[in-house]
Amino acid sequence: MSAQQEYDRRILMKVLEDLKYANRLSMLDFVELFFPDSVEDYWMRKWEMFRDNPLGFYWSLDTERLGRLVSYIEKERRS
């Protein structure tokens with residue numbers, strides 16, 4: 001394995017470990033974190049996507065919501 005491949009592997013492992021913290025989100029916490037001002041029909045579709053297809057959900061996030069996810073993971077990692 002090349003040095004670049006080893007670096008990429010480590011980065012991917014770190015990302016995957018960090019995303020485990022997102023699995024702790026309850027539906028209420030999810031809504032408060034990502035969609036606090038949305039109507040139920042909208043956030044329920046997003047919750048179902050998160051529950052059934054987390055990777056697809058993460059890919060759909062805009063920069064602001066990705067920042068919220070990073071902040072949440074950092075907070076959870078410290079607790």
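These are my notebook entries on one predicted model.

**Confidence.** Confidence is lowest in helix 1 (residues 3-22), where the mean is 95, and highest in helix 2 (residues 27-34), where it is 98.

**Overall build.** I then looked up the secondary structure and found five helices and zero strands, which run along the sequence in the pattern α-α-α-α-α. The C-alpha atoms fill a box of roughly 50 × 25 × 20 Å along the principal axes, and 27% of the 79 residues count as buried. Among the contacts with a separation of 6 or more, 50% are accounted for by residues 24 or more positions apart.

**Helix 2.** Which residues of helix 2 are buried? I listed Phe30, Val31, Leu33 and Phe34. They lie on the same side of helix 2, because they cover an arc of only 165° around the axis. I wrote beside this that an α-helix has 3.6 residues a turn, so residues three or four places apart point the same way. The buried residues of helix 2 pack against helix 3 (40-52), helix 4 (54-60) and helix 5 (63-78).

**Largest pocket.** Last, I turned to the largest pocket, whose volume is about 230 Å³. Its lining has 13 residues, and Val15, Leu19, Tyr58, Leu69 and Ile73 lie nearest the centre. Helix 1, helix 4 and helix 5 each supply at least two residues of this lining. By type, I recorded eleven nonpolar residues, no polar ones and two charged ones in the lining.

Notes:
Residues are numbered from 1 along each chain as its sequence is written. This is a predicted model: local features need pLDDT of at least 70, side-chain atom pairs count only at pLDDT 80 or more; totals for chains, interfaces and linings use all residues. Side-chain values use heavy atoms; hydrogens and water are left out. pLDDT is the predictor's confidence in each residue, from 0 to 100. Helices (H or I, at least four residues) and strands (E, at least two) are DSSP runs, numbered from the N terminus. Buried means under 20% relative accessible area, exposed over 50%, partly exposed in between (1.4 Å probe, protein chains only). The arc is that of the directions from the helix axis to the C-beta atoms. Contact means heavy atoms within 4.5 Å. On a 1 Å grid over the protein atoms alone, a cavity is a set of points where a 1.4 Å probe fits but cannot get out, and a pocket is an open set with protein on both sides within 12 Å along at least five of seven lines; lining residues have an atom within 4 Å of a point. Grid points are joined across faces, edges and corners, and a volume is the space filled by probe spheres set on the points. Ala, Val, Leu, Ile, Met, Phe, Trp, Tyr, Cys and Pro count as nonpolar, Asp, Glu, Lys and Arg as charged, and the others, Gly among them, as polar.
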